[in-house]
Amino acid sequence: MPFAENNGVKIYWEEEGSGDPILLIMGLGWPSYMWYRTKPLLVKRYRTITLDNRGAGRSDVPVGPYPIALMASDAAAVLDAAGVESAHLYGVSMGGMIAQEFALQYPKRVKSLILGCTAAGGPESKRAEPEVLEVLTRQGMTPEEAARAINPYIYDKGTPQSRIEEDMKIRLQWTAPSEGYLAQLQGIILWEAYSRIAKIAAPTLVVHGETDQLVPAENGRLIAQRISGSKLVMIPQASHIFSTDQPDAAHKQVLEFLSAQTFHSASGAA
């Protein structure tokens, strides 16, 4: 199993495919296996690298909290281990926060940026309703109870239950330990980048589901307004997990954006 090491903490990563490298960064408590709908499409054209954030999946679970900047340095350690100088970054939810921080800390290592169902933190961000945030803390719930309690707020009401259960099979198999989950959650709460993301110069795609109740869609609009030249895509009938709610629409936008970056890069080289 390939592990990168960052100050003594082992971060699990793997890769598949060839071509321009792309690093996929997953959200709060979820393992990299949750890229299972998107990854098969990317590996046909790109060297696709995934990692388990510290505290989740097969990575170490050190004492928290885990600042977002620290998890961005974990991502940098993974690229180092893979021998990759720069890559496209695609982060969802907390992974989108890590991707923003990565772009700020390591701007020369970012070919392009895809920010899915995420926020920039700070007082400007649009918060979820109190009942959603209460479920997020998982107080007094078993892992399965917590996973099912959050579902109404992260999947669109029109999404077939069978598709949600496909996700649940992986989510329940790879439930993050409570100490890792809470350490990641602390990192999210303490993080802010809204005041800084205007510095991001990488080509950026912001993707958000219109019915997202965990990270309301207004957050996507706020990010797109702050990052010059970014493209905003709002997906109808999609909530937080837009790749499950509307996989075809979501993947079309991501693949078209990445293809355009590859074309521009080739044109520039010519």
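**Figure 1. Glutamate 101 in helix α3 of the predicted model.** Glutamate 101 belongs to helix α3, which covers residues 94-105. The structure shown here and in the following views is a predicted model. With a relative accessibility of 2%, glutamate 101 counts as buried, because values under 20% fall in that class. Leaving aside residues up to four places away in sequence, glutamate 101 touches Ile68, Ala69, Ala72, Trp191 and Arg196.

**Figure 2. The surroundings of methionine 26.** Methionine 26 lies in the loop between β3 (21-25) and α1 (39-42). Its relative accessible area is 5%, so methionine 26 is buried. Methionine 26 and leucine 51 are 25 residues apart along the chain, and their C-alpha atoms are separated by 7.9 Å.

Figure 3. The structure holds four aromatic pairs. One of them joins phenylalanine 3 and tyrosine 12 in an edge-to-face arrangement, with 5.5 Å centre to centre and 75° between the planes. The pair is called edge-to-face because the angle between its planes is over 60 degrees. Phenylalanine 3 is partly exposed, at 30% relative accessibility, whereas tyrosine 12 is buried, with a relative accessible area of 5%. The ring of phenylalanine 3 also has the charged end of lysine 10 sitting over it, 5.0 Å from the ring centre.

**Figure 4. The aromatic pair of phenylalanine 102 and tyrosine 106.** The four aromatic pairs of the structure also include phenylalanine 102 and tyrosine 106, whose rings are tilted, at 4.8 Å centre to centre and 50° between the planes. Phenylalanine 102 is buried, with a relative accessible area of 0%. Tyrosine 106 is partly exposed, with a relative accessible area of 24%.

**Figure 5. Arginine 226 over the ring of tyrosine 194.** This view shows a charged side chain and an aromatic ring. The charged end of arginine 226 sits over the ring of tyrosine 194, at 4.5 Å from the centre of that ring.

**Figure 6. The largest cavity and its lining.** The structure holds one cavity of 30 Å³ or more. The volume of the largest cavity is about 70 Å³. Gly29, Trp30, Arg138, Pro143, Ala147, Arg171, Trp174, Thr175 and Ala176 line the largest cavity. Sorted by class, this lining consists of five nonpolar, two polar and two charged residues.

Figure 7. Glycine 64 and proline 65 are joined by a cis peptide bond, with omega near 0°. Proline 65 is found in the loop between β4 (47-51) and α2 (68-82).

Figure 8. Cysteine 117 is not a glycine, yet it has a positive phi of about 40°. Its place is the loop between β6 (110-116) and α4 (130-136), and at 3% relative accessibility cysteine 117 counts as buried. Glutamine 237, likewise not a glycine, has a positive phi of about 55°. Glutamine 237 occurs in the loop between β8 (231-235) and α9 (242-245). Its relative accessible area is 56%, so glutamine 237 is exposed.

Conventions. Residues numbered from 1 in each chain as written. Predicted model: local features only at pLDDT ≥ 70, side-chain atom pairs only at ≥ 80, totals over all residues. Heavy atoms only, no water. Phe/Tyr/Trp six-rings, centres within 6.5 Å; stacked < 30°, edge-to-face > 60°. Buried < 20%, exposed > 50% of the residue type's maximum accessible area, 1.4 Å probe, protein only. Lys NZ or Arg CZ within 6 Å of the ring centre and 35° of its normal. 1 Å grid on protein atoms, 1.4 Å probe; cavity = no way out; pocket = protein on both sides within 12 Å on 5 of 7 lines; lining within 4 Å. Points joined across faces, edges and corners; volume = space filled by probe spheres on them. Nonpolar A, V, L, I, M, F, W, Y, C, P; charged D, E, K, R; others polar. Helix = DSSP H or I, 4+ residues; strand = E, 2+ residues; numbered from the N terminus. Contact = heavy atoms within 4.5 Å.
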